[in-house]
Amino acid sequence: MGKMKVFVADSIAKEGVEEFGRFKDIELVVKTGLAPNDLAAALGDSVGLVVRSATKATREIIQAGTTLKVIGRAGAGVDNIDVPAATEKGILVLNTPGGNAEGAGELAIAMMFALARQIPQANASMKAGTWDKKTYAGGVELFGKTLGLIGIGFVGSVVAARAVGLGMKVVAYDPYVSKDKAKSLGITMGSLDDVFKAADFISIHAPKNDETKGLINANAFQKMKKGVYLVNCARGGIVVEKDLIAALDGGQVKAAGVDVYDKEPCEDWSLAKHPKVVATPHIGASTNESQVNVSIMIAKQMGAYLTKGEVVNAVNKVK
Ligand SMILES: NC(=O)c1ccc[n+]([C@@H]2O[C@H](COP(=O)([O-])OP(=O)(O)OC[C@H]3O[C@@H](n4cnc5c(N)ncnc54)[C@H](O)[C@@H]3O)[C@@H](O)[C@H]2O)c1
């Protein structure tokens, strides 16, 4: 019998490739950056497909992979995978919860500092040869401020712990975790409105789903403190981009740190280019450490499933 082919559609860390190499029955095919049609044609008799976030495992791709048994997402969010389409075909979908939490969490903390002191704007001004102390005065300190977290899973918990260390008060909204979790993090929990009302900084760490799509909209901004700082390093679409722009223009939101967008790469650049926005191109999980973690995790999990039928970190259930 030939080896089982696992198709790697987005580049993964070499440590993950090495981990796959420990499974003698598995052969990796690494072809990244393919257009959807080319990917569909290239899958051939692959039994596994590995994606990060660039590749969209759509219904069409999944149907083209007639021999697929497992799709592995080297990361947390699976919104780039049509999970129902995979389930219908009996294809298991795995992700790597927590593997990139430190990377994503630290970016959210970095965003808060960047917003509080306008570091990117001040740096750009210095690079332009301008000594403009006046514009960049009026910074605020994180110490003593209230941070509102929406979602305290793996990433939200990292942010909570770091923020507590910085002397922030943290209040979190997460309908699916117990108060004990908040207690162990040294933070309090409240309703979404409690978070809106209390927070000087708000950072979003919920998944994108039907419940959270458009959650942060004009109505939500009205409930927040005037001059709130907003960070979204979770997923585009949770924040309504045009409503955020209006809230920035009107001063309801003082500044925003944004890593994720409605369309990636951006098609409408008005949010990313907004002067009150510190924008990054979806790099939350793009630390060396996080990429090594998630690539090793996905290789171990996919290898265990393909060779022994062991299921770890599945996001669906198949027969
Ligand atoms: N920017 C990046 O590169 C990057 C990197 C890692 C994760 N992420 C994103 O960050 C988010 C969090 O990732 P994670 O690994 O912590 O996931 P996770 O599943 O561990 O945590 C998500 C948390 O959100 C909570 N939640 C679910 N619905 C909610 C709702 N309606 N309101 C409030 N909370 C809700 C869940 O109960 C859970 O505790 C996801 O959207 C993920 O895709 C982005």
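Which residues line the largest cavity? In this predicted model, the list runs Asn232, Gly236, Gly237, Val239, Glu241, Leu244, Val258, Val260, Asp262 and Leu271. Sort them by class and you get five nonpolar, three polar and two charged residues. The space inside comes to about 40 Å³. If you go looking through the whole structure for cavities of 30 Å³ or more, one turns up.

Where does the largest share of the lining come from? That would be α2, which puts in four residues. Helix α2 covers 36–42, and along with α3 (59–64) it belongs to the helices that each give at least two residues to the lining. By class, the lining of the second largest pocket splits into seven nonpolar, four polar and three charged residues.

**Two helix pairs**

Next, how some of the helices pack. Two packed helices are described by the angle between their axes and the distance between the axes. Here are two pairs side by side:

| Helix pair | Crossing angle | Axis distance |
|---|---|---|
| α5 (residues 101–117) and α7 (residues 154–165) | roughly 50° | within 8 Å |
| α1 (residues 14–21) and α12 (residues 288–308) | about 20° | 7 Å |

Take α5 and α7 to begin with. Their axes cross at roughly 50°, and that is why α5 counts as oblique to α7. The crossing of this pair is right-handed. On the α5 side, the contact is made by Ala101, Glu102, Ala104, Gly105, Ala108 and Ile109. Facing them from α7 are Phe154, Val155, Val158, Val159, Arg162 and Ala163. Count up the classes in the contact of α5 with α7 and you find nine nonpolar residues, one polar and two charged.

What about α1 and α12: are they roughly parallel or roughly antiparallel? Their angle is about 20°, and angles under 35 degrees count as roughly parallel, so α1 and α12 are roughly parallel to each other. Helix α1 passes α12 in a right-handed crossing. From α1, the residues involved are Glu15, Gly16, Glu19 and Phe20. They meet Val292, Ser295, Ile296, Ile298, Ala299, Lys300 and Met302 of α12. The contact of α1 with α12 takes in six nonpolar, two polar and three charged residues.

A few spots along the backbone deserve a look while you have the model open. Which peptide bond is cis? The one from Glu264 to Pro265, where omega is near -10°. You'll find Pro265 in the loop that runs between β11 (253–258) and β12 (277–279).

Then there are residues with positive phi. His282 is not a glycine, yet its phi is positive, at about 50°. This histidine, His282, sits in the loop between β12 and α12. Asn313 is another residue other than glycine with a positive value, its phi being near 60°. To find Asn313, go to the segment after α12.

**Back to α12**

Helix α12 has come up several times along the way. Its residues meet those of α1, with Val292 and Met302 among them. The loop between β12 and α12 holds His282, and the segment after α12 holds Asn313.

Note on methods:
Residues are numbered from 1 along each chain as its sequence is written. This is a predicted model: local features need pLDDT of at least 70, side-chain atom pairs count only at pLDDT 80 or more; totals for chains, interfaces and linings use all residues. Side-chain values use heavy atoms; hydrogens and water are left out. Ala, Val, Leu, Ile, Met, Phe, Trp, Tyr, Cys and Pro count as nonpolar, Asp, Glu, Lys and Arg as charged, and the others, Gly among them, as polar. Axes are lines fitted to C-alpha atoms, for helices over the stretch in contact, and angles run from 0 to 180 degrees between N-to-C directions. Angles under 35 degrees count as roughly parallel, over 145 as roughly antiparallel, 65 to 115 as roughly perpendicular and the rest as oblique. A crossing is left-handed if the near helix is turned anticlockwise from the far one by less than a right angle, and right-handed if clockwise. Contact means heavy atoms within 4.5 Å. On a 1 Å grid over the protein atoms alone, a cavity is a set of points where a 1.4 Å probe fits but cannot get out, and a pocket is an open set with protein on both sides within 12 Å along at least five of seven lines; lining residues have an atom within 4 Å of a point. Grid points are joined across faces, edges and corners, and a volume is the space filled by probe spheres set on the points.
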